[in-house]
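Please keep the sequence and the 3D view open as you read.

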Amino acid sequence: MPELPEVETVRRLVERRLRGRRIASVITAPDPIVFEGTSPRRFAAALTGRRVVAVRRRGKHLWMELDRRPWPLLHLGMSGWLEAVRRGAPRPRFWKLELVAEDGGRVAFTDPRRLGRIRLRQDPPGERPVSRLGFDPLEGLPAPRVLRALLRRRSGPMKAVLLDQSLFAGVGNWIADEVLYQARLDPRRAASSLDAEEVARLRGRILSVVRRAVAVSADSDRFPRTWLFHHRWGRRKNARTARGEKIVHLTIGGRTTAFVPSRILPPTSD
DNA sequence: CTCAGTGTTCAGTG
DNA sequence: TCACTGAACACTGA
């Protein structure tokens, strides 16, 4: 379930577990797809014995600063995850990588679907794919009028534009639906058609949804009961929100979209 | 057996 | 080059 809040949560986990310590050992699974542009063997050699200086994130990408380059760059894809492993416990199912710190702390990367990626980069933020990312909402979004100018040039549906990582880095399918629901905007609306007030609503909700999800460590059980999130899964007929509003499922931009027609506000102008 | 799926990339098109 | 669309990727689980 990795979108920005989930990735930020695992970033903090890795930080607590590894920052300031040396990596005593690196265990890699022989997976030529998840390890991209480097072999598991070369990857392990680059990390073994290095000290972890910092753990960084932008959008859905995570990387570690080490005391020597290159640095590891991780992406969780659809089903990837990073988890702590107890001393003596077996590696979790679908593991691709395990890092063991000098103090015995263990962190494992798992990914059943293998759409995640483990890479090496000399300078992660300066190279693809991180260099192509847009604004990370946790770092802040451009002023409303600047954002409106950017959206003005996009004719695609709002839902698809929200998912564009070169604009909103870290926004994924559930965040996009949640933001549009709370901003009371139709996901099919062309981004270019939003007026200033609508862009302001959208911007505010992106910030509040992301901050709130991060504040509860992306634990969805602690998301507010009023959020669409709790009711959007499984294209169930007769799905309803906590307020009793009917939820409609459709495909926009190739992705399942849940929205609530009765919440949509008419455009204020345009 | 079939199909959906919380992500990204690439080919084809305009 | 930009923007958009749809398919492909790979695998689990309902």
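## Helix packing and its surroundings

Helix α5 (residues 173–183) packs against helix α6 (residues 196–215) at an angle of about 130°, and their axes are 9 Å apart. Axes here are lines fitted to C-alpha atoms, for helices over the stretch in contact, and angles run from 0 to 180 degrees between N-to-C directions. Helices (H or I, at least four residues) and strands (E, at least two) are DSSP runs, numbered from the N terminus. This is a predicted model, in which local features need pLDDT of at least 70 and side-chain atom pairs count only at pLDDT 80 or more, while totals for chains, interfaces and linings use all residues. Residues are numbered from 1 along each chain as its sequence is written, and chains are lettered from A and ligands numbered from 1 in the order in which they are written.

The α5 and α6 helices are therefore oblique to each other; angles under 35 degrees count as roughly parallel, over 145 as roughly antiparallel, 65 to 115 as roughly perpendicular and the rest as oblique. On the α5 side, Ile-175, Glu-178, Val-179, Gln-182 and Ala-183 meet Arg-201, Leu-202, Arg-205, Ile-206, Val-209 and Val-210 of α6 (contact means C-beta atoms, placed from the backbone, within 7 Å). The residues of this α5 and α6 contact divide into 7 nonpolar, 1 polar and 3 charged. In this grouping, Ala, Val, Leu, Ile, Met, Phe, Trp, Tyr, Cys and Pro count as nonpolar, Asp, Glu, Lys and Arg as charged, and the others, Gly among them, as polar.

Helix α6 also packs with helix α3 (residues 144–152): their axes come within 9 Å and cross at roughly 105°. The pair α3 and α6 is therefore roughly perpendicular. Here Pro-144, Leu-147, Arg-148 and Leu-151 in α3 meet Ala-196, Val-199, Ala-200 and Arg-203 in α6, and the residues of this contact comprise 6 nonpolar, no polar and 2 charged.

How much of α5 is buried? The helix is mostly covered, with 10 of its 11 residues buried. A residue is buried if 20 or more other C-beta atoms lie within 10 Å of its own, exposed if 12 or fewer, and partly exposed in between, with C-beta atoms placed from the backbone. The cover over these buried residues includes α1 (4–18), α4, α6 and β10 (255–259). Just after α5, Arg-184 takes a positive phi of about 60°. Gly-172, in the loop between α4 (158–162) and α5, is buried, with 22 other C-beta atoms within 10 Å.

## The DNA strand and some backbone details

Around DNA strand C are residues including Arg-113, Arg-114, Arg-153, Arg-154 and Ala-160; near means a C-beta atom, placed from the backbone, within 6 Å.

| Site | Feature | Value |
|---|---|---|
| Arg-69 and Pro-70 | cis peptide bond | omega about 5° |
| Arg-128 and Pro-129 | cis peptide bond | omega about 0° |
| Phe-94 | positive phi | near 65° |
| Ser-217 | positive phi | near 55° |

Pro-70 is in the loop between β3 (61–66) and β4 (71–75), and Pro-129 is in the loop between β8 (117–121) and α3. Phe-94 counts as partly exposed, with 16 C-beta neighbours inside 10 Å.

How values were computed
Two residues are in contact if their C-beta atoms, placed from the backbone, lie within 7 Å.
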